Amino acid sequence: MTVATWLAIAVLGPGSLAVFAWFLHDVRRVLGPRRAGAARSGGPGDAA
Amino acid sequence: MVVAAYLAGMLAIGALVARRIGGFDDFFVAGGRMTTPLLVCTLVSTYYGLDVTFGSSETAYLEGMAAFFAYSAPFYLAYVATAIWVTPRLKKLPARSLPEAMGHFYGPPARLAAALASFVYSAPILSVVGMGLIGRVFFGWPVWIAAVIGAAIALVYTVLGGLLADALTDTVQFVAMCVSAAAAAAIALTTVGTPAAIGARLGGQVLAPLGALSPWEVLVFALVALTPLVEPVFYQRTFAAVSARQMVRALLLGVALWAAYDWCVVYLGLVGADLVAAGTLPASLDESAIILHVAARLLPAGLLGLFVAGCLASAMSTIDSYTLVAAGNLVYDGWQVVRRRSLPDRTLLRATRVCAGVTLAVALVLGLSFERLRDAWIFMSTVLLSTTLVPMLAALRLARRPPARAGQWGAIAGLAAALALFAAFQVFGQDVAGEGTTALVIGLDRPVRVEREAALLVTLPCSGLAFAAGWWRGRRREAGP
C-alpha cells in the first residue's frame with residue numbers, strides 16, 4: 001500500500017504537470033481556427 | 001494571497017475567451033476544437049468535485065479503505081467502458097448534448113425527459129455547498145456567503161466564455177487540485193505514517209477492501225458507478241472533441257488520474273482517523289470536512305494556501321461545467337423542443353447565459369436546504385440513470401435499432417418512477433437510526449424495507465420493463481395492417 005500511495009503521488013504531481021505541459025504545447029490547435037464540420041447541430045424535432 | 005490570485009486568473013481567462021465566442025456552437029461545444037490534453041484536464045477536474053474530495057475522505061475516515069475499493073474502483077470500469085463502447089458511436093451523432101442524442105434516436109418526448117433528468121443531475125448543488133464549507137473552515141465565513149461568492153465568480157467566467165473558458169480554467173484547476181492533493185499525501189506519508197502503519201494502529205477492518213459492507217450494498221454502489229455511461233459532461237465533451245480518438249485517449253488517461261486522486265484522498269481520510277484516535281484532532285470535528293482539518297494540521301502556510309486553492313479549484317471546475325450543461329438542458333433541449341422550432345443562434349446564446357444564472361441560483365437554494373449532501377447526490381444520480389441508461393445504451397450498442405416508442409416509454413417511466421419514489425421518501429420515509437439514511441416500509445404482512453440508497457434497484461427495472469414493453473408495442477404497430 002505504501003508503494004501504491006507513492007505511485008498515486010507521482011501520477012498526481014509530476015503526472016498532472018506533464019499533462020499541463022502537453023496542453024501548453026497543444027494550445028495553438030485549441031485556440032486556432034475552427035475545423036469545418038467539427039461540431040454539428042441538431043434541431044428540436046430530430047427524431048430518427 | 002494564493003487564493004485571491006487564483007480567482008483573479010479565472011476571471012481574466014473568461015474575459016479573454018469571451019472575444020472568441022461567435023455563436024452557440026462556440027459557446028456550448030467550444031467549436032469542436034478540444035484536443036486530448038485539454039480534454040484530460042477538463043474531464044478530470046470537472047468530474048471530481050468537492051463531493052469526491054470531501055465524500056471519499058469522509059467515507060475513508062468512517063469506513064476505511066472500502067472507500068477506495070468498494071465506492072471508487074467500480075467507476076474505473078465504467079470509464080473504460082464509456083471510452084471503448086460509448087464514445088466512438090456517440091461522436092458520429094449530429095448532437096451537442098445527452099438529451100439531444102436521446103432525441104436523435106427516440107424523438108422529442110425522450111429528449112425532454114432526458115433534459116429534465118440531466119438538469120436535475122447537473123445542477124451543481126454539492127460543489128456550491130462544498131465551497132461554503134471551505135469558507136467556513138478556513139475563513140470563518142457563514143456557509144451561504146462563501147457559497148454565493150464562489151458561485152458568482154464561476155458564473156462570470158462561464159457566462160463570458162462558455163465551454164472554452166470553462167475548459168481553459170479547468171487546466172489550471174486540474175493542476176491545482178492534483179498537485180495540492182499529492183503534496184498533502186506526501187507530507188502525511190512522511191509525518192504520520194504509511195497506510196499499513198495507520199491500519200495497524202486503528203485495527204479492525206480499516207484496510208479490508210470491502211470493509212463492513214454487505215454484498216447488497218456493494219451491488220448498489222456498482223450500479224451507481226454506471227453513471228459515467230450517461231454522464232452529461234462526458235457527452236458534451238465528446239461532441240466538443242476534435243475526434244472520437246482524442247476523447248477515448250483522454251478518458252483512458254483520466255482513469256489513472258482519477259484513481260490516483262481517489263487513493264490520495266482516501267489515504268488522507270485514514271490519516272484523519274489516525275489523528276483523531278491519537279487525540280491530535282478533536283473527535284467532535286465535522287466528519288465531512290475531515291480532509292480540511294488534516295490539511296490545516298499538517299501543511300505549512302504556503303502549501304495550505306495551495307491546498308485551499310486546490311479545493312476551490314475542484315469545486316469551481318465542477319460548478320462551471322455543470323452549470324453550463326444544466327443551462328443548455330433548459331434552453332437548447334427544453335425550451336427549443338417545447339416551442340417545436342429552432343431558436344436563432346443569438347437567442348440560444350443569450351438565453352443559455354441567462355439560464356446559467358438561474359441554474360446557479362436554484363443550486364444555491366437547494367444546496368443550502370438539503371440536510372444531508374449525500375441524499376442530494378443519491379437523488380440526482382438515480383434520476384439520471386433511471387431515465388437515460390437503458391434507452392441510451394440500447395440505442396448505441398444493440399445491433400437492431402429500438403423503435404422510438406421503446407426509448408420514450410423507458411425514459412418517461414424511469415423518470416416518473418424516480419421522482420415518485422423520492423417524493424415518497426420525503427413524505428413517508430422513516431429515518432433509520434444510526435445509519436444516516438431514510439427507508440420506506442412497503443407491505444403489511446411481510447413488510448419490505450427500501451432504503452434511499454437502493455432506489456435505483458427499483459427505478460432502473462421500471463425503465464427497463466417500460467423500454468421492453470414499448471419495443472414490443474412499437475414492433476407490433478410496425479407489423480400491423
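The legends below describe close-up views of a predicted model that contains chain A and chain B.

**View 1. Confidence in the predicted model.** For the model as a whole, the scores are an ipTM of 0.84 and a pTM of 0.88. Within chain B, the pLDDT averages 87, and 96% of the residues score at least 70. Where pLDDT is low, the coordinates of a prediction should not be read in detail.

**View 2. The contact between chain A and chain B.** In this view the two chains meet through 34 residues from chain A and 62 residues from chain B. Together, chain A and chain B bury about 3,900 Å² between them, and 69% of that buried area lies on carbon and sulfur atoms. Sorted by class, the side of chain A that touches chain B is made up of 19 nonpolar, 9 polar and 6 charged residues.

**View 3. Polar contacts and salt bridges across the interface.** How many salt bridges does the rule find across the interface of chain A and chain B? The number found there is 0, while the count of residue pairs in polar contact between chain A and chain B, with both residues at pLDDT 80 or more, is 2.

View 4. Rolling a probe the size of a water molecule over the atoms shows where empty space is left. A search of the whole structure finds 3 cavities of 30 Å³ or more, and the largest cavity has a volume of about 40 Å³. Which residues line the largest cavity? The lining consists of B:Thr53, B:Met177, B:Ser180, B:Ala181, B:Tyr261, B:Val265, B:Ile291, B:Phe307 and B:Cys311.

Conventions
Residues numbered from 1 in each chain as written. Chains lettered and ligands numbered in written order. Predicted model: local features only at pLDDT ≥ 70, side-chain atom pairs only at ≥ 80, totals over all residues. Heavy atoms only, no water. Contact = heavy atoms within 4.5 Å. Buried area = accessible area lost by both parts, 1.4 Å probe. Salt bridge = Lys/Arg side-chain N within 4 Å of Asp/Glu carboxyl O. Polar contact = N/O pair within 3.5 Å; in protein donor to acceptor, adjacent residues only side chain to side chain. Nonpolar A, V, L, I, M, F, W, Y, C, P; charged D, E, K, R; others polar. pLDDT = per-residue confidence, 0-100. 1 Å grid on protein atoms, 1.4 Å probe; cavity = no way out; pocket = protein on both sides within 12 Å on 5 of 7 lines; lining within 4 Å. Points joined across faces, edges and corners; volume = space filled by probe spheres on them.
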